Amino acid sequence: MNHERSRQLYDRALSVAPGGVNSSVRATMPHPIFAERGDGGHVIDADGNRYIDWVMGYGPLLYGHDLPEPVEAAIQSHTAGGPMYGMPTEIEVEHAEFVARHVPSVESIRFVNSGTEATVSAVRLARGYTGREKVVIMQGGYHGAQESTLVEGTSDSAHPSTAGVPEAFAEHTLPIPFNDVEAATEVFAEYGDDIAAVLVEPILANNGIVMPVDGYHETLRDLCTDHGSLLIFDEVITGFRVGGLGCAQSALGVTPDVTTFGKIIGGGFPVGAIGGTAEIIEGFTPAGDVFQSGTFSGHPVTMAAGKASLEYAAENDVYDHVNRLGRMLREGITEICAERAPEYTVVGTDSMFKTVFTREGPTSAADCCPAGCLQDPECGRYGACPKTGADVAAAETDRWERVFWQGMKDEGVLLTANQFECQFTSYAHTEEDVERTLEAYRAVL
Ligand SMILES: *Cc1c(COP(=O)(O)O)cnc(C)c1O
């Protein structure tokens with residue numbers, strides 16, 4: 001496979017862009033692969049190589065690279081009148097109405113421009129609403145590039161996870177392990193009256209995929225209610241991906257106070273959103289006193305793309321299709337792992353899938369959830385499947401990135417190079433894409 005043009009573009013990019021990329025996760029080894037164009041579930045790179053693309057823009061592309069006709073038409077009609085106005089438009093009201101109708105926790109919603117902006121605003125809102133400063137996060141959870149969550153360590157000893165974040169931010173952040181009921185109970189016993197919010201991905205998807213164990217989110221829900229803290233679900237990835245139009249919260253049956261969105265809700269354009277009960281969301285200016293504002297917020301083209309995408313999903317078999325392909329992949333990969341690497345854990349749900357190269361596990365093929373880890377206590381692997389972000393980080397991440405990912409790429413199958421991110425099926429993918437991907441797995445694993 002020839003990558004000469006990608007290599008040359010990277011060479012040029014290194015002279016004018018830090019690390020040659022605009023988002024650090026794109027800096028794959030030994031150099032990024034530059035995209036030229038998409039075609040359904042496939043992507044063609046700058047050298048003309050074609051891949052089955054399971055990265056899907058890291059989450060937003062529910063339809064792959066070809067948009068359904070009504071989505072395309074909505075985008076065209078909203079670009080025709082000029083890109084934006086700085087005045088409200090009908091389409092943002094329609095999009096808000098659609099989301100409020102389908103997502104259990106949402107009565108009112110503020111649209112912003114990225115998932116990061118959504119979680120930053122949600123944390124500010126929670127602090128303003130409760131008059132408290134501390135925020136509980138999950139070790140290995142990801143909420144974008146924000147000061148209050150780029151924090152690692154434990155609730156007793158938290159520190160910034162990157163240069164450039166003052167220690168003072170970490171003082172107000174309490175990281176705990178995901179899926180650990182005892183740790184959650186303890187952190188509330190110690191700091192309960194100072195906790196503004198628990199910020200949690202309902203399913204760890206950026207350091208995973210890790211499903212919640214039975215009852216975990218119910219525990220967080222109860223602790224927040226008992227202590228007057230807000231439960232914030234970060235559904236930037238899971239929103240309109242898991243649980244269909246009701247999002248992961250409807251699948252789990254737990255209703256948070258606030259939900260952050262991004263990715264799919266903008267139909268492939270830059271987006272974020274913060275939704276919740278009217279009482280809480282109206283804490284944002286100008287209704288309330290928590291400042292929130294943005295030149296591009298509620299951008300008409302983004303709103304048109306997002307709303308048309310979700311409406312199309314409401315009226316077609318979109319979730320059936322993407323979830324069926326997700327299941328086929330997880331089942332197929334589970335079979336292949338059972339033969340070749342029974343210690344590996346296949347994870348995911350709905351249209352998300354991933355293989356975590358766990359180091360230990362039962363060697364009997366029969367001993368696992370057949371379509372991805374569901375944290376089933378009856379499953380023979382239950383004790384060995386990742387429960388926390390740390391469990392995923394302890395897997396063979398180098399083997400994934402430097403051996404397996406490269407091998408799959410050479411077979412024409414594009415996965416996320418980073419072991420922690422997940423893969424997605426789209427409406428444009430076909431059963432043939434699944435078959436070819438499983439063949440590649442057989443050849444490379
Ligand atoms: C992608 C992501 C973010 C950040 O969104 P950006 O649009 O990249 O800023 C935040 N939280 C979760 C759960 C995400 O998956």
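Lys409 is buried in this predicted model, with a relative accessibility of 6%. Its salt-bridge partner is Asp410, and the closest N and O atoms of the two are 3.5 Å apart. Asp410 is partly exposed, at a relative accessible area of 49%.

A further pair is found within helix α13 (residues 397-410), where Asp398 and Arg402 are 4 residues apart, about one turn of the helix. The closest N and O atoms of this salt bridge are separated by 3.9 Å. Arg402 has a relative accessibility of 52% and therefore counts as exposed.

The count of salt bridges comes to 12. One of them joins Glu36 to Arg5, with a distance of 3.8 Å between the closest N and O atoms. Because Glu36 belongs to strand β1 (residues 35-39) and Arg5 to helix α1 (residues 4-16), this pair ties together parts that are 31 residues apart in sequence. Arg5 is partly exposed, its relative accessible area being 39%.

Helix α3 (residues 90-102) comprises 13 residues; at 1.5 Å a residue it should span 18 Å, which agrees with the 19 Å between its end C-alpha atoms. Buried positions in α3 are Ile91, His95, Ala96, Phe98 and Val99. Viewed down the axis of α3, the buried residues fall within an arc of 160 degrees and so line one face of the helix. Glu90 and Arg101, on the other side of α3, are exposed. The elements that cover the buried residues of α3 include α2 (69-80), β4 (108-112), β11 (258-262) and α10 (300-315).

Technical notes. Residues are numbered from 1 along each chain as its sequence is written. This is a predicted model: local features need pLDDT of at least 70, side-chain atom pairs count only at pLDDT 80 or more; totals for chains, interfaces and linings use all residues. Side-chain values use heavy atoms; hydrogens and water are left out. Helices (H or I, at least four residues) and strands (E, at least two) are DSSP runs, numbered from the N terminus. The expected span of a helix is 1.5 Å times one less than its number of residues. Buried means under 20% relative accessible area, exposed over 50%, partly exposed in between (1.4 Å probe, protein chains only). The arc is that of the directions from the helix axis to the C-beta atoms. Contact means heavy atoms within 4.5 Å. A salt bridge is a side-chain nitrogen of Lys or Arg within 4 Å of a carboxyl oxygen of Asp or Glu.
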